[in-house]
Amino acid sequence: MKKYSILVFMLLFAITFGQQKQVKRATIAFLNVENLWDTIASADYIDGTLPFSNPKFHRSVPLDSLKFLETTENYKGEWKDELLVGKKVIKRQILSDDFTPKSPKLWGTKFYNQKLANEAKVISELGRQYTNDNPVVCGLIEVENRQVIEDLIRQPALAKSDYGIVHTNSYDARGIDIALIYQKNRFVVEDFYTKEIKIFNEEGRRQHTRDLLVTLGYLDGEKIAIFMNHWPSRTAGEALSRQKRNAAADVLKKEMDLLSEENPNIKMIAMGDFNDDPVSPSLKKYLGAVGDPKELSESSPYYNLMYKLYKAGVASLAYRDAPNLFDQIIISKNLYNEEKVTSSYSLFKAEIYAPSYLINEEGQYKGYPFRSWDGNRFTGGYSDHFPAVSVYQREFKGK
(Lines give C-alpha, C1' and ligand atoms only; values in the text may rest on other atoms or scores of the structure.)
Protein backbone atom coordinates (compact mmCIF):
# COMPACT_ATOMS: atom_id res chain seq x y z
CA MET A 1 0.00 0.00 0.00
CA LYS A 2 2.86 2.39 0.86
CA LYS A 3 4.64 1.69 -2.44
CA TYR A 4 1.39 2.26 -4.36
CA SER A 5 0.80 5.64 -2.65
CA ILE A 6 4.31 6.81 -3.47
CA LEU A 7 3.92 5.78 -7.11
CA VAL A 8 0.66 7.69 -7.46
CA PHE A 9 2.19 10.77 -5.82
CA MET A 10 5.27 10.72 -8.05
CA LEU A 11 3.31 10.34 -11.28
CA LEU A 12 0.84 13.09 -10.28
CA PHE A 13 -2.14 11.95 -12.31
CA ALA A 14 -4.50 14.60 -13.65
CA ILE A 15 -7.93 14.12 -15.22
CA THR A 16 -8.44 16.04 -18.46
CA PHE A 17 -11.12 15.52 -21.16
CA GLY A 18 -12.23 12.37 -19.41
CA GLN A 19 -8.80 10.77 -19.89
CA GLN A 20 -6.07 10.10 -17.42
CA LYS A 21 -2.85 12.00 -18.07
CA GLN A 22 0.45 11.92 -16.27
CA VAL A 23 1.79 15.39 -15.53
CA LYS A 24 5.15 16.93 -14.83
CA ARG A 25 5.24 19.86 -12.43
CA ALA A 26 7.70 22.60 -11.55
CA THR A 27 7.66 25.07 -8.68
CA ILE A 28 8.88 28.61 -9.26
CA ALA A 29 8.81 30.61 -6.04
CA PHE A 30 10.67 33.21 -4.04
CA LEU A 31 11.45 34.17 -0.47
CA ASN A 32 12.53 37.39 1.19
CA VAL A 33 15.25 35.95 3.44
CA GLU A 34 15.33 39.06 5.66
CA ASN A 35 18.92 40.24 5.75
CA LEU A 36 20.89 37.10 4.96
CA TRP A 37 24.31 38.50 5.88
CA ASP A 38 27.56 36.69 6.53
CA THR A 39 29.60 37.56 9.62
CA ILE A 40 32.39 39.46 7.85
CA ALA A 41 32.36 43.24 7.41
CA SER A 42 32.79 43.97 3.70
CA ALA A 43 32.58 46.55 0.95
CA ASP A 44 32.00 46.39 -2.79
CA TYR A 45 35.00 46.51 -5.09
CA ILE A 46 34.26 47.68 -8.63
CA ASP A 47 36.88 47.01 -11.29
CA GLY A 48 35.81 48.99 -14.32
CA THR A 49 38.82 47.83 -16.33
CA LEU A 50 37.26 44.40 -16.77
CA PRO A 51 34.59 43.48 -19.34
CA PHE A 52 31.11 44.10 -17.97
CA SER A 53 30.19 40.50 -18.64
CA ASN A 54 32.81 39.39 -16.14
CA PRO A 55 31.18 38.56 -12.77
CA LYS A 56 34.24 39.96 -10.97
CA PHE A 57 33.40 43.45 -12.18
CA HIS A 58 31.50 44.19 -8.98
CA ARG A 59 32.06 41.96 -5.96
CA SER A 60 31.93 41.94 -2.17
CA VAL A 61 35.34 42.01 -0.42
CA PRO A 62 36.18 41.77 3.33
CA LEU A 63 37.26 45.13 4.74
CA ASP A 64 40.61 43.77 5.89
CA SER A 65 41.39 42.73 2.30
CA LEU A 66 40.71 46.12 0.71
CA LYS A 67 44.27 47.32 1.36
CA PHE A 68 45.55 44.69 -1.07
CA LEU A 69 43.35 45.90 -3.93
CA GLU A 70 44.40 48.54 -6.42
CA THR A 71 42.21 51.66 -6.59
CA THR A 72 42.42 54.56 -8.99
CA GLU A 73 40.63 57.17 -6.86
CA ASN A 74 38.38 57.87 -3.89
CA TYR A 75 35.26 57.95 -6.01
CA LYS A 76 32.62 60.59 -5.19
CA GLY A 77 30.39 60.42 -8.25
CA GLU A 78 27.18 58.61 -9.13
CA TRP A 79 27.24 54.85 -8.78
CA LYS A 80 26.62 53.63 -12.31
CA ASP A 81 28.49 51.07 -14.41
CA GLU A 82 28.94 53.37 -17.39
CA LEU A 83 30.58 56.06 -15.23
CA LEU A 84 33.09 53.63 -13.73
CA VAL A 85 34.68 52.37 -16.93
CA GLY A 86 38.45 52.35 -16.51
CA LYS A 87 38.21 52.97 -12.74
CA LYS A 88 38.94 50.71 -9.77
CA VAL A 89 36.99 51.93 -6.75
CA ILE A 90 35.47 50.87 -3.45
CA LYS A 91 31.85 51.41 -2.41
CA ARG A 92 31.11 51.11 1.31
CA GLN A 93 27.64 50.16 2.49
CA ILE A 94 25.45 51.39 5.32
CA LEU A 95 25.18 47.97 6.96
CA SER A 96 28.77 46.76 6.44
CA ASP A 97 29.54 46.60 10.19
CA ASP A 98 26.08 45.66 11.49
CA PHE A 99 26.27 41.91 10.96
CA THR A 100 29.51 40.99 12.72
CA PRO A 101 30.38 39.26 16.01
CA LYS A 102 31.39 42.58 17.61
CA SER A 103 28.30 44.50 16.55
CA PRO A 104 25.26 44.94 18.85
CA LYS A 105 23.70 42.03 16.95
CA LEU A 106 26.51 39.69 18.07
CA TRP A 107 26.21 38.12 14.64
CA GLY A 108 28.54 35.12 14.78
CA THR A 109 28.87 31.69 13.20
CA LYS A 110 26.25 30.01 15.43
CA PHE A 111 23.47 32.42 14.48
CA TYR A 112 24.56 32.54 10.85
CA ASN A 113 24.41 28.75 10.53
CA GLN A 114 20.98 28.70 12.18
CA LYS A 115 19.76 31.38 9.78
CA LEU A 116 21.03 29.37 6.78
CA ALA A 117 19.31 26.21 8.03
CA ASN A 118 16.06 28.11 8.63
CA GLU A 119 15.96 29.60 5.13
CA ALA A 120 16.91 26.28 3.53
CA LYS A 121 14.08 24.52 5.39
CA VAL A 122 11.50 27.00 4.10
CA ILE A 123 12.77 26.91 0.52
CA SER A 124 12.78 23.10 0.47
CA GLU A 125 9.07 23.06 1.33
CA LEU A 126 7.87 25.53 -1.33
CA GLY A 127 5.49 23.66 -3.63
CA ARG A 128 6.63 20.30 -2.29
CA GLN A 129 3.12 19.03 -1.59
CA TYR A 130 2.38 19.34 -5.33
CA THR A 131 5.74 18.17 -6.76
CA ASN A 132 7.50 16.08 -4.10
CA ASP A 133 10.61 18.12 -4.92
CA ASN A 134 12.45 21.32 -4.07
CA PRO A 135 11.61 24.36 -6.23
CA VAL A 136 13.08 24.21 -9.71
CA VAL A 137 13.65 27.97 -9.45
CA CYS A 138 13.63 30.07 -6.29
CA GLY A 139 14.19 33.81 -6.11
CA LEU A 140 16.01 35.29 -3.14
CA ILE A 141 15.54 38.80 -1.77
CA GLU A 142 17.82 40.58 0.75
CA VAL A 143 21.02 38.57 0.27
CA GLU A 144 24.32 40.31 1.00
CA ASN A 145 26.51 38.70 -1.65
CA ARG A 146 27.16 35.57 -3.67
CA GLN A 147 28.95 33.85 -0.79
CA VAL A 148 25.84 33.66 1.40
CA ILE A 149 23.94 32.09 -1.51
CA GLU A 150 26.68 29.49 -1.96
CA ASP A 151 26.49 28.72 1.76
CA LEU A 152 22.71 28.45 1.50
CA ILE A 153 22.59 25.95 -1.37
CA ARG A 154 25.09 23.72 0.45
CA GLN A 155 22.61 23.22 3.29
CA PRO A 156 21.45 19.57 3.52
CA ALA A 157 17.85 20.45 2.67
CA LEU A 158 18.93 21.97 -0.67
CA ALA A 159 22.25 20.35 -1.61
CA LYS A 160 20.69 17.37 -3.40
CA SER A 161 19.04 19.70 -5.94
CA ASP A 162 22.43 20.81 -7.33
CA TYR A 163 21.41 24.46 -7.56
CA GLY A 164 23.10 27.01 -9.78
CA ILE A 165 23.15 30.72 -8.97
CA VAL A 166 22.21 33.90 -10.84
CA HIS A 167 23.40 36.93 -8.89
CA THR A 168 24.72 40.43 -9.49
CA ASN A 169 25.82 42.98 -6.89
CA SER A 170 23.68 46.09 -6.71
CA TYR A 171 24.51 49.69 -5.83
CA ASP A 172 21.78 49.67 -3.19
CA ALA A 173 22.88 51.81 -0.24
CA ARG A 174 22.38 48.94 2.24
CA GLY A 175 24.23 46.52 0.01
CA ILE A 176 21.34 44.06 -0.32
CA ASP A 177 20.89 42.13 -3.57
CA ILE A 178 18.42 39.86 -5.28
CA ALA A 179 19.26 36.51 -6.88
CA LEU A 180 17.96 33.23 -8.27
CA ILE A 181 18.88 29.64 -7.53
CA TYR A 182 17.86 26.96 -10.03
CA GLN A 183 18.09 23.20 -10.47
CA LYS A 184 20.68 22.84 -13.22
CA ASN A 185 19.20 19.61 -14.57
CA ARG A 186 15.81 21.23 -15.22
CA PHE A 187 16.44 24.91 -15.83
CA VAL A 188 19.19 25.89 -18.27
CA VAL A 189 20.26 29.53 -18.06
CA GLU A 190 20.81 31.12 -21.46
CA ASP A 191 21.56 34.67 -20.30
CA PHE A 192 20.94 37.12 -17.48
CA TYR A 193 21.21 40.88 -17.12
CA THR A 194 20.01 43.77 -15.00
CA LYS A 195 18.00 46.88 -15.77
CA GLU A 196 18.61 50.02 -13.77
CA ILE A 197 15.73 51.66 -11.89
CA LYS A 198 16.26 55.38 -11.46
CA ILE A 199 14.57 56.94 -8.45
CA PHE A 200 15.04 60.24 -6.63
CA ASN A 201 14.33 61.54 -3.14
CA GLU A 202 12.13 64.52 -2.28
CA GLU A 203 15.07 66.91 -2.90
CA GLY A 204 15.63 65.48 -6.36
CA ARG A 205 18.82 63.61 -5.44
CA ARG A 206 19.44 60.20 -7.00
CA GLN A 207 18.83 57.21 -4.73
CA HIS A 208 20.13 53.72 -5.43
CA THR A 209 17.80 50.76 -5.23
CA ARG A 210 17.93 47.18 -6.45
CA ASP A 211 18.05 46.66 -10.21
CA LEU A 212 15.57 44.48 -12.08
CA LEU A 213 17.23 41.08 -12.55
CA VAL A 214 16.23 39.33 -15.79
CA THR A 215 17.07 35.66 -16.37
CA LEU A 216 16.45 33.93 -19.69
CA GLY A 217 16.49 30.16 -19.86
CA TYR A 218 14.79 26.88 -20.66
CA LEU A 219 12.50 25.12 -18.19
CA ASP A 220 12.57 21.46 -19.25
CA GLY A 221 13.19 22.76 -22.78
CA GLU A 222 10.61 25.57 -22.80
CA LYS A 223 11.86 29.14 -23.20
CA ILE A 224 10.98 31.36 -20.23
CA ALA A 225 12.07 34.68 -18.76
CA ILE A 226 12.07 35.36 -15.03
CA PHE A 227 12.06 38.93 -13.71
CA MET A 228 13.16 39.32 -10.08
CA ASN A 229 12.06 42.52 -8.35
CA HIS A 230 12.66 44.29 -5.04
CA TRP A 231 10.98 47.64 -5.49
CA PRO A 232 11.65 50.80 -3.43
CA SER A 233 10.20 50.69 0.07
CA ARG A 234 7.51 52.79 1.74
CA THR A 235 9.91 54.21 4.33
CA ALA A 236 8.88 57.79 3.56
CA GLY A 237 5.21 56.78 3.56
CA GLU A 238 3.10 55.18 0.82
CA ALA A 239 2.05 58.41 -0.89
CA LEU A 240 5.45 60.13 -0.86
CA SER A 241 7.26 57.02 -2.14
CA ARG A 242 4.61 55.95 -4.68
CA GLN A 243 6.33 57.51 -7.69
CA LYS A 244 9.45 55.41 -7.00
CA ARG A 245 7.51 52.16 -7.37
CA ASN A 246 5.69 53.54 -10.40
CA ALA A 247 9.13 54.10 -11.95
CA ALA A 248 10.07 50.48 -11.16
CA ALA A 249 6.82 49.28 -12.75
CA ASP A 250 7.64 51.25 -15.91
CA VAL A 251 11.02 49.52 -16.17
CA LEU A 252 9.48 46.08 -15.64
CA LYS A 253 6.68 46.62 -18.17
CA LYS A 254 9.07 47.97 -20.79
CA GLU A 255 11.32 44.95 -20.48
CA MET A 256 8.47 42.42 -20.49
CA ASP A 257 6.87 44.08 -23.50
CA LEU A 258 10.20 44.15 -25.35
CA LEU A 259 10.95 40.47 -24.77
CA SER A 260 7.42 39.56 -25.81
CA GLU A 261 7.80 41.51 -29.06
CA GLU A 262 11.14 39.86 -29.80
CA ASN A 263 9.85 36.37 -28.99
CA PRO A 264 6.02 36.12 -28.98
CA ASN A 265 6.13 32.57 -27.59
CA ILE A 266 8.32 33.27 -24.59
CA LYS A 267 6.68 32.62 -21.23
CA MET A 268 7.33 35.24 -18.56
CA ILE A 269 7.19 35.27 -14.78
CA ALA A 270 7.70 38.49 -12.79
CA MET A 271 7.99 38.04 -9.05
CA GLY A 272 9.33 39.66 -5.93
CA ASP A 273 8.71 42.08 -3.10
CA PHE A 274 6.92 44.95 -4.83
CA ASN A 275 6.33 46.96 -1.63
CA ASP A 276 2.85 47.56 -3.04
CA ASP A 277 -0.38 45.58 -3.01
CA PRO A 278 -1.95 44.04 -6.14
CA VAL A 279 -4.44 46.94 -6.28
CA SER A 280 -1.78 49.66 -6.07
CA PRO A 281 -1.31 52.02 -9.07
CA SER A 282 2.17 50.65 -9.79
CA LEU A 283 0.83 47.16 -10.49
CA LYS A 284 -2.67 47.90 -11.77
CA LYS A 285 -2.02 51.03 -13.84
CA TYR A 286 1.68 51.23 -14.68
CA LEU A 287 2.38 47.52 -15.16
CA GLY A 288 -1.20 46.78 -16.18
CA ALA A 289 -1.42 43.44 -14.36
CA VAL A 290 -5.02 42.20 -14.34
CA GLY A 291 -6.57 40.40 -11.38
CA ASP A 292 -8.77 37.94 -13.26
CA PRO A 293 -7.69 35.67 -16.15
CA LYS A 294 -10.91 36.60 -17.95
CA GLU A 295 -9.44 40.10 -18.35
CA LEU A 296 -6.37 38.85 -20.23
CA SER A 297 -6.04 40.17 -23.77
CA GLU A 298 -3.46 41.31 -26.30
CA SER A 299 -3.47 44.74 -24.69
CA SER A 300 -3.54 43.34 -21.11
CA PRO A 301 -1.25 40.30 -21.24
CA TYR A 302 -0.12 40.07 -17.59
CA TYR A 303 -2.00 38.24 -14.83
CA ASN A 304 -1.32 38.89 -11.13
CA LEU A 305 -1.69 35.55 -9.36
CA MET A 306 -2.00 37.23 -5.98
CA TYR A 307 -4.88 39.59 -6.77
CA LYS A 308 -7.65 37.19 -5.79
CA LEU A 309 -5.73 36.11 -2.70
CA TYR A 310 -5.44 39.75 -1.67
CA LYS A 311 -9.17 40.28 -2.15
CA ALA A 312 -9.77 37.20 0.00
CA GLY A 313 -7.77 38.75 2.85
CA VAL A 314 -4.48 36.88 2.39
CA ALA A 315 -1.36 38.82 3.44
CA SER A 316 2.36 38.15 3.15
CA LEU A 317 3.47 40.64 5.82
CA ALA A 318 2.24 43.38 8.12
CA TYR A 319 3.67 46.85 7.48
CA ARG A 320 3.03 49.44 10.19
CA ASP A 321 0.43 47.13 11.74
CA ALA A 322 -1.54 46.83 8.49
CA PRO A 323 -1.73 43.56 6.52
CA ASN A 324 -0.23 43.74 3.03
CA LEU A 325 0.40 41.38 0.16
CA PHE A 326 3.65 42.83 -1.22
CA ASP A 327 5.02 39.43 -2.30
CA GLN A 328 3.51 38.66 -5.68
CA ILE A 329 3.92 36.60 -8.84
CA ILE A 330 2.74 37.88 -12.23
CA ILE A 331 2.66 35.73 -15.35
CA SER A 332 2.23 36.30 -19.08
CA LYS A 333 -1.07 35.15 -20.54
CA ASN A 334 0.51 32.20 -22.38
CA LEU A 335 1.16 30.60 -18.98
CA TYR A 336 -2.55 30.49 -18.21
CA ASN A 337 -4.60 27.71 -19.77
CA GLU A 338 -8.11 26.74 -18.70
CA GLU A 339 -7.50 23.19 -19.95
CA LYS A 340 -4.88 22.85 -17.19
CA VAL A 341 -2.90 19.98 -18.78
CA THR A 342 -1.45 20.45 -22.26
CA SER A 343 1.86 19.67 -23.94
CA SER A 344 3.47 22.86 -22.56
CA TYR A 345 3.70 24.39 -19.12
CA SER A 346 0.78 26.37 -17.71
CA LEU A 347 -0.29 27.50 -14.26
CA PHE A 348 -1.45 24.84 -11.81
CA LYS A 349 -1.38 26.58 -8.44
CA ALA A 350 -0.39 29.84 -6.71
CA GLU A 351 -0.27 30.51 -2.99
CA ILE A 352 1.31 32.36 -0.11
CA TYR A 353 3.06 29.71 1.97
CA ALA A 354 2.41 30.24 5.67
CA PRO A 355 2.67 27.07 7.78
CA SER A 356 2.29 27.47 11.53
CA TYR A 357 6.02 27.56 12.29
CA LEU A 358 6.40 30.69 10.13
CA ILE A 359 3.79 32.54 12.19
CA ASN A 360 4.18 34.25 15.57
CA GLU A 361 1.89 32.46 18.01
CA GLU A 362 1.70 35.06 20.77
CA GLY A 363 2.56 38.54 21.95
CA GLN A 364 2.34 41.89 20.20
CA TYR A 365 3.03 40.36 16.79
CA LYS A 366 0.72 37.38 17.03
CA GLY A 367 -0.27 36.29 13.52
CA TYR A 368 2.64 38.14 11.90
CA PRO A 369 5.47 36.34 10.09
CA PHE A 370 8.02 34.93 12.57
CA ARG A 371 10.84 37.26 11.66
CA SER A 372 14.55 36.78 12.35
CA TRP A 373 15.12 40.07 14.10
CA ASP A 374 13.63 41.97 17.01
CA GLY A 375 15.84 45.03 17.00
CA ASN A 376 19.36 43.69 17.56
CA ARG A 377 18.15 40.38 18.96
CA PHE A 378 18.21 37.34 16.70
CA THR A 379 14.94 35.55 17.40
CA GLY A 380 15.70 32.28 15.67
CA GLY A 381 12.86 33.09 13.28
CA TYR A 382 12.71 32.89 9.52
CA SER A 383 11.58 36.07 7.77
CA ASP A 384 9.35 39.11 8.05
CA HIS A 385 7.65 37.96 4.82
CA PHE A 386 5.82 34.79 3.86
CA PRO A 387 7.10 33.28 0.58
CA ALA A 388 5.09 33.32 -2.65
CA VAL A 389 4.73 30.12 -4.65
CA SER A 390 3.62 29.22 -8.16
CA VAL A 391 3.43 25.71 -9.61
CA TYR A 392 3.24 24.88 -13.34
CA GLN A 393 2.39 21.63 -15.06
CA ARG A 394 2.34 19.98 -18.46
CA GLU A 395 1.65 16.55 -19.86
CA PHE A 396 4.40 14.10 -18.94
CA LYS A 397 6.46 13.27 -22.02
CA GLY A 398 8.59 10.47 -20.69
CA LYS A 399 11.52 12.37 -19.12
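A residue is called buried when its relative accessible area is under 20%. In this predicted model, Asp276 has a relative accessible area of 1% and is therefore buried. Arg245 has a relative accessible area of 0%, so Arg245 is buried as well.

The side chains of Arg245 and Asp276 meet in a salt bridge, with N and O 2.9 Å apart. This pair links distant parts of the chain, since Arg245 belongs to helix H6 (residues 238-262) while Asp276 lies in the loop between E14 and helix H7 (281-286), 31 residues apart.

## Other salt bridges

Across the whole structure, a search finds 23 salt bridges, one of which joins Asp220 to Arg186, with the closest N and O atoms 2.7 Å apart. Asp220 sits in the loop between strand E12 (212-219) and strand E13 (222-230), and Arg186 in the loop between strand E8 (177-183) and strand E9 (187-195), so the pair ties together parts of the chain that are 34 residues apart in sequence. Both Asp220 and Arg186 are buried, and salt bridges with shared partners join these two residues and Lys24 into one network.

Another salt bridge brings together the side chains of Glu222 and Lys267, at 3.1 Å from N to O. Here too the pair links distant parts of the chain, with Glu222 in strand E13 and Lys267 in strand E14 (residues 267-273), 45 residues apart. Glu222 and Lys267 are both buried.

## The crossing of helices H2 and H4

Helix H2 (residues 109-125) and helix H4 (residues 146-153) have axes that come within 9 Å of each other and cross at roughly 65 degrees, and the crossing is right-handed. On the H2 side the contact is made by Tyr112, Leu116, Glu119, Ala120 and Ile123, and on the H4 side by Val148, Asp151 and Leu152. Of the residues in this contact, six are nonpolar, two are charged and none is polar.

## The loop around Asn360

Asn360 is placed in the loop between strand E19 (346-352) and strand E20 (373-374). When residues up to four places away in sequence are left out, Asn360 touches Tyr365, Lys366, Gly367, Tyr368, Pro369 and Phe370.

With Pro369 there is also a side-chain to backbone approach, in which the side chain of Asn360 reaches the backbone oxygen of Pro369 at 3.3 Å. The C-alpha atoms of Asn360 and Arg371 are separated by 8.3 Å, the two residues being 11 residues apart along the chain.

Technical notes: Residues are numbered from 1 along each chain as its sequence is written. This is a predicted model: local features need pLDDT of at least 70, side-chain atom pairs count only at pLDDT 80 or more; totals for chains, interfaces and linings use all residues. Side-chain values use heavy atoms; hydrogens and water are left out. Helices (H or I, at least four residues) and strands (E, at least two) are DSSP runs, numbered from the N terminus. Contact means heavy atoms within 4.5 Å. A polar contact is a pair of N or O atoms within 3.5 Å; within protein, one must be able to donate a hydrogen and the other to accept it, and residues adjacent in sequence count only if both atoms are side-chain atoms. Axes are lines fitted to C-alpha atoms, for helices over the stretch in contact, and angles run from 0 to 180 degrees between N-to-C directions. A crossing is left-handed if the near helix is turned anticlockwise from the far one by less than a right angle, and right-handed if clockwise. Ala, Val, Leu, Ile, Met, Phe, Trp, Tyr, Cys and Pro count as nonpolar, Asp, Glu, Lys and Arg as charged, and the others, Gly among them, as polar. A salt bridge is a side-chain nitrogen of Lys or Arg within 4 Å of a carboxyl oxygen of Asp or Glu. Buried means under 20% relative accessible area, exposed over 50%, partly exposed in between (1.4 Å probe, protein chains only).
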